[in-house]
Amino acid sequence: MPPLFVVHPTGGSVHWYVAMVHELPHPWPVFGLQAAGLAGEEAPDASIEEMVARYAAAIRAHCPPGPVFIAGWSLGVIVAYALAVRLQHTGYEVVMLAVMDHGPEPPVRRDPADSAELLEDIFGEPLGVDAAFLRTMAEADALLQAAQPG
């Protein structure tokens with residue numbers, strides 16, 4: 001089974017996934033992608049882009065060239081999505097991207113036409129995200145726009 005990489009939520013720690021990992025079938029390799037700087041030994045990442053680059057390098061070092069599963073919760077959804085896109089653009093096989101947040105309603109589209117529709121589905125109408133608007137932006141900017149409330 002491909003390894004599962006879980007991306008930390010807001011706060012940077014992966015300890016939130018411990019109970020979930022104990023429920024997974026064994027043996028299933030699971031790796032936590034934790035934020036830099038939690039222990040004060042290194043500087044925190046300055047941006048999501050920097051974080052994604054560091055996580056992509058860690059994944060490539062552990063299991064070149066894939067396949068992998070990637071999952072995220074809270075802020076981890078945004079980072080996991082950006083990470084999956086980056087890995088796929090470099091030829092890496094991402095078999096599954098798991099979004100563990102849920103809103104008041106499930107996404108309308110089962111198969112989004114593109115990344116803009118997927119972001120619109122993830123963040124929904126309350127945040128005012130519009131797929132047509134996101135398509136006019138660079139992918140990194142679209143992720144940042146989608147993550148900004150209001």
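Q: What makes two aromatic rings a pair in this predicted model?
A: Rings of Phe, Tyr and Trp, the last taken by its six-membered ring, pair if their centres lie within 6.5 Å. By this rule the count comes to 3 aromatic pairs.

Q: Why is the pair of Trp28 and Phe69 called edge-to-face?
A: The centres of Trp28 and Phe69 are 5.7 Å apart, and the cut-off for a pair is 6.5 Å. Their planes stand at 75°, and planes over 60 degrees apart count as edge-to-face.

Q: Why can the pair of Trp28 and Phe69 be said to tie together separate parts in sequence?
A: Trp28 belongs to the loop between H1 and E2, while Phe69 sits in strand E3, so the parts joined by the pair are 41 residues apart in sequence. Both Trp28 and Phe69 are buried.

Q: Why is His8 called buried?
A: The relative accessibility of His8 is 1%, and buried means under 20%; His8 therefore counts as buried.

Q: What is in contact with His8, and where does His8 lie?
A: His8 is found in the loop between strand E1 (4–7) and helix H1 (18–23). Apart from neighbours within four places in sequence, its contacts include Tyr17, Leu33, Met51, Tyr55 and Trp73.

Q: How do you know that strands E3 and E4 pair?
A: Pairing needs at least two bridges, and E3 (residues 68–72) and E4 (residues 94–99) have 5 bridges in the parallel sense. Therefore E3 and E4 count as paired. Val68 has Val94 in E4 as its bridge partner, and Ala71 stands opposite Ala98 in E4.

Q: What makes E2 and E4 the edge strands of the sheet?
A: The open sheet has 4 strands in the order E2-E1-E3-E4, with parallel pairing. Strand E2 (30–33) and E4 each pair on one side only, which puts them at the edges. On average, neighbouring strands of this sheet are turned by 20° against each other, direction ignored.

Q: What makes the β-α-β unit of E3, H3 and E4 right-handed?
A: The test views the strands pointing away from the viewer and asks that the path from the first strand over the helix to the second run clockwise. E3, helix H3 (residues 75–89) and E4 make a right-handed unit. H3 lies across E1, E2, E3 and E4, and runs at about 155° to E3.

Notes
Residues are numbered from 1 along each chain as its sequence is written. This is a predicted model: local features need pLDDT of at least 70, side-chain atom pairs count only at pLDDT 80 or more; totals for chains, interfaces and linings use all residues. Side-chain values use heavy atoms; hydrogens and water are left out. Helices (H or I, at least four residues) and strands (E, at least two) are DSSP runs, numbered from the N terminus. Buried means under 20% relative accessible area, exposed over 50%, partly exposed in between (1.4 Å probe, protein chains only). Contact means heavy atoms within 4.5 Å. Axes are lines fitted to C-alpha atoms, for helices over the stretch in contact, and angles run from 0 to 180 degrees between N-to-C directions. Rings of Phe, Tyr and Trp (its six-membered ring) pair if their centres lie within 6.5 Å; planes under 30 degrees apart count as stacked, over 60 as edge-to-face and the rest as tilted.
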